[in-house]
There are 2 protein chains.
Amino acid sequence: MKITALIMAGGRGERFWPRSRKSQPKQFLSLTEDGKTMIQLTVERILPLVAIEDIYIVTNREYRLLVCEQLPTLPPENILCEPFGRNTAPCIGLGAVSMSLKYEEAVMLVLPADHMIRYNSIFLSTLREACETAQMGENLVTIGITPDYPEVGYGYIKFHPEQAVNHAYIVERFVEKPSLELAKEYIAANEYLWNSGMFIWKLTTILNNIQKYMPDMYEGLIKIRDSIHTPEENDVLEREFKKFLPESIDYGIMEKAQNIYILPGSFGWDDVGSWLAVERIRKSNELGNVVSGNIITIDTKNCIIEGTRKLIAAVGMENMIVVDTDDATLICNKNSTGDIKKILENLKICNRNEYI
Amino acid sequence: MKITALIMAGGRGERFWPRSRKSQPKQFLSLTEDGKTMIQLTVERILPLVAIEDIYIVTNREYRLLVCEQLPTLPPENILCEPFGRNTAPCIGLGAVSMSLKYEEAVMLVLPADHMIRYNSIFLSTLREACETAQMGENLVTIGITPDYPEVGYGYIKFHPEQAVNHAYIVERFVEKPSLELAKEYIAANEYLWNSGMFIWKLTTILNNIQKYMPDMYEGLIKIRDSIHTPEENDVLEREFKKFLPESIDYGIMEKAQNIYILPGSFGWDDVGSWLAVERIRKSNELGNVVSGNIITIDTKNCIIEGTRKLIAAVGMENMIVVDTDDATLICNKNSTGDIKKILENLKICNRNEYI
């Protein structure tokens with residue numbers, strides 16, 4: 001069966017400021033040493049499984065050019081532009097109806113554009129298994145990440161350890177980001193996996209489920225589909241999208257539908273949620289520093305320093321993040337990465353949009 | 001009696017890197033909010049006591065232009081250029097013989113170009129008293145700073161508390177930078193003052209003492225004096241200076257001579273020895289931060305942040321110094337300012353002279 005992929009690339013990625021900006025969010029940046037951007041890596045990663053002409057990117061209108069530039073071999077008609085961000089359900093719905101015009105039947109992978117995966121062969125074999133599970137009946141399959149520690153920044157998925165089809169387990173429920181205490185309980189229970197935001201299903205399965213659980217949105221999506229390649233395409237897309245409520249696919253479908261399966265994945269996954277991810281992705285030196293650019297460190301350890309051509313000299317620093325760009329420099333305690341958004345709030349209030 | 005001043009402005013000021021560079025050391029920088037440079041403030045401070053045409057600047061050849069630019073009302077012939085740095089004794093000797101061509105008798109103030117003084121009227125009245133003491137007989141007078149705390153970065157001067165002429169005490173001895181333990185003893189003893197490096201004496205007194213305690217240097221200085229305004233002036237200066245041993249006036253004269261007096265000064269003195277001085281000179285805000293430039297701070301306290309036009313965002317920082325310039329940024333723990341010189345060593349080893 002044909003396998004297609006929908007890569008979700010509409011995020012703003014404020015947590016990677018000042019390198020990520022509204023005009024160039026995380027998925028279009030390179031955080032690895034090979035210089036490839038996250039969306040390029042995401043596409044490259046699945047090419048053994050999905051032909052480039054079967055890969056679709058959903059993004060915002062303002063990022064269309066970035067996608068074209070960074071993925072020159074992708075057919076331009078495979079770039080789907082949301083007029084507004086409306087969370088993952090409308091985004092995936094738009095992808096599904098667009099694909100349904102071209103493919104009578106296909107398995108659809110839904111993947112975020114801004115995650116890192118270390119062991120690609122394991123990732124691909126997990127995806128292959130997920131495709132097999134998705135093809136059997138009307139299954140909705142997700143990938144769950146085997147947790148290493150009680151992370152409070154991720155959602156969790158509880159599965160029935162006794163109810164498996166091949167390697168896929170039946171999902172009991174989706175749970176929101178927990179408290180540390182709860183996260184520890186989840187880890188100890190051995191029945192929870194991290195919610196990776198990756199989904200695998202047949203096009204028909206997801207459309208049937210949208211029709212059943214999100215009938216209003218389904219109606220709008222059908223109108224959008226019918227307008228594609230007509231002069232009204234943009235008007236209909238904008239009008240219908242405006243009506244969609246912002247909703248996640250987890251809440252809109254996965255928590256309500258039947259036949260939800262989860263495949264445990266152990267392929268070195270990272271959602272690259274903050275600058276701290278850089279030290280998981282890149283090698284640190286013997287002092288625990290991850291540095292790039294024109295850097296001198298004296299008595300400095302466990303720091304992340306991202307420079308450009310400008311000289312950065314760090315003296316007596318510990319546990320800090322420094323990110324230098326042409327017009328802004330961030331210096332942030334590793335324990336304070338959650339506060340980076342406050343800088344952006346401050347800049348917005350002061351109308352200093354050139355930095356956002 | 002005529003009062004002249006010799007302002008010593010030859011220092012390299014490595015401790016204010018990256019704002020201070022070999023091409024523009026500390027004395028030519030502004031660290032205050034009024035935008036005036038340290039040498040400008042030093043000259044301005046003594047104008048009620050010394051006419052501009054009686055002020056001499058000793059500096060390196062490469063700083064002549066900076067002195068001219070920053071002190072446009074100073075007669076250019078009052079800028080004396082050492083061909084090499086040889087510590088304070090040859091520097092002061094050069095000043096004294098140069099002045100002795102113009103003044104038959106005068107009291108000479110010797111002042112560093114890169115100190116800050118908060119209470120100028122108290123400073124001037126201390127200098128006036130020092131001039132009076134210098135005029136009586138053949139006295140060598142220095143200003144001692146009443147210590148606030150056991151600083152280990154300064155030299156100390158022990159005086160005889162019982163032996164005073166007016167407010168000037170007889171000096172017992174000069175002591176080098178002490179250990180913390182020793183510094184605490186000095187403070188407790190109430191018989192030690194900080195060595196400020198400021199001296200007051202008659203021209204004839206210092207020349208007589210140089211002749212007596214540094215006869216070789218004296219001979220060279222006389223040759224230099226005799227060559228001034230002749231075609232050989234530069235050659236003689238270079239040849240004789242090359243022969244001078246690098247020696248401080250403290251070691252060469254003050255520790256050996258008779259009639260050494262010290263006047264205690266309490267005029268808010270600061271030798272501006274490191275970036276830490278900035279928070280003593282400038283006002284900090286309610287969180288203890290001293291910031292200038294285009295700065296956003298979030299949950300940041302007790303930091304010194306010196307920027308330019310570039311945005312610097314500090315998040316969760318404490319007790320740090322950030323200094324941004326066009327081509328280099330320093331980020332330094334306040335407890336590590338002594339290690340800034342290691343950056344310069346590193347740059348020298350790597351031959352990256354553009355940053356030095």
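Is T133(B) buried or exposed? T133(B) counts as buried, because its relative accessibility is 2% (buried means under 20% relative accessible area, exposed over 50%, partly exposed in between, with a 1.4 Å probe and protein chains only). You'll find T133(B) in helix α4 (residues 120-135) of chain B; helices (H or I, at least four residues) and strands (E, at least two) are DSSP runs, numbered from the N terminus. Leaving aside residues up to four places away in sequence, T133(B) touches N139(B), V141(B), A168(B) and Y261(B), where contact means heavy atoms within 4.5 Å.

Before we go on, some ground rules. This is a predicted model, in which local features need pLDDT of at least 70 and side-chain atom pairs count only at pLDDT 80 or more, while totals for chains, interfaces and linings use all residues. Residues are numbered from 1 along each chain as its sequence is written, chains are lettered from A and ligands numbered from 1 in the order in which they are written, and side-chain values use heavy atoms, with hydrogens and water left out.

Now look at where the chains meet. Chain A brings 34 residues to the contact and chain B brings 34 residues. About 2600 Å² is buried between chain A and chain B, and carbon and sulfur atoms give 61% of that (buried area is the accessible area, with a 1.4 Å probe, that two parts lose on being put together, summed over both). Strands join in here too: β13(A) pairs with strand β15 (residues 328-333) of chain B in the parallel sense, over 5 bridges (two strands pair if DSSP finds at least two bridges between them). In this region, V315(A) stands opposite C332(B) in β15(B).

Next, charges. Side chains of opposite charge can pair when their charged atoms come close. The rule for a salt bridge is a side-chain nitrogen of Lys or Arg within 4 Å of a carboxyl oxygen of Asp or Glu, and 2 salt bridges cross the interface of chain A and chain B. One salt bridge links D324(B) with K310(A), with the closest N and O atoms 2.7 Å apart.

Within chain B, E306(B) and R19(B) meet in a salt bridge (3.3 Å, N to O). E306(B) lies in strand β13 (residues 304-315) of chain B and R19(B) in the loop between β1 (3-8) and α1 (38-46) of chain B, so the pair ties together parts that are 287 residues apart in sequence. E306(B) is buried at 4% relative accessibility, whereas R19(B) is partly exposed at 26%.
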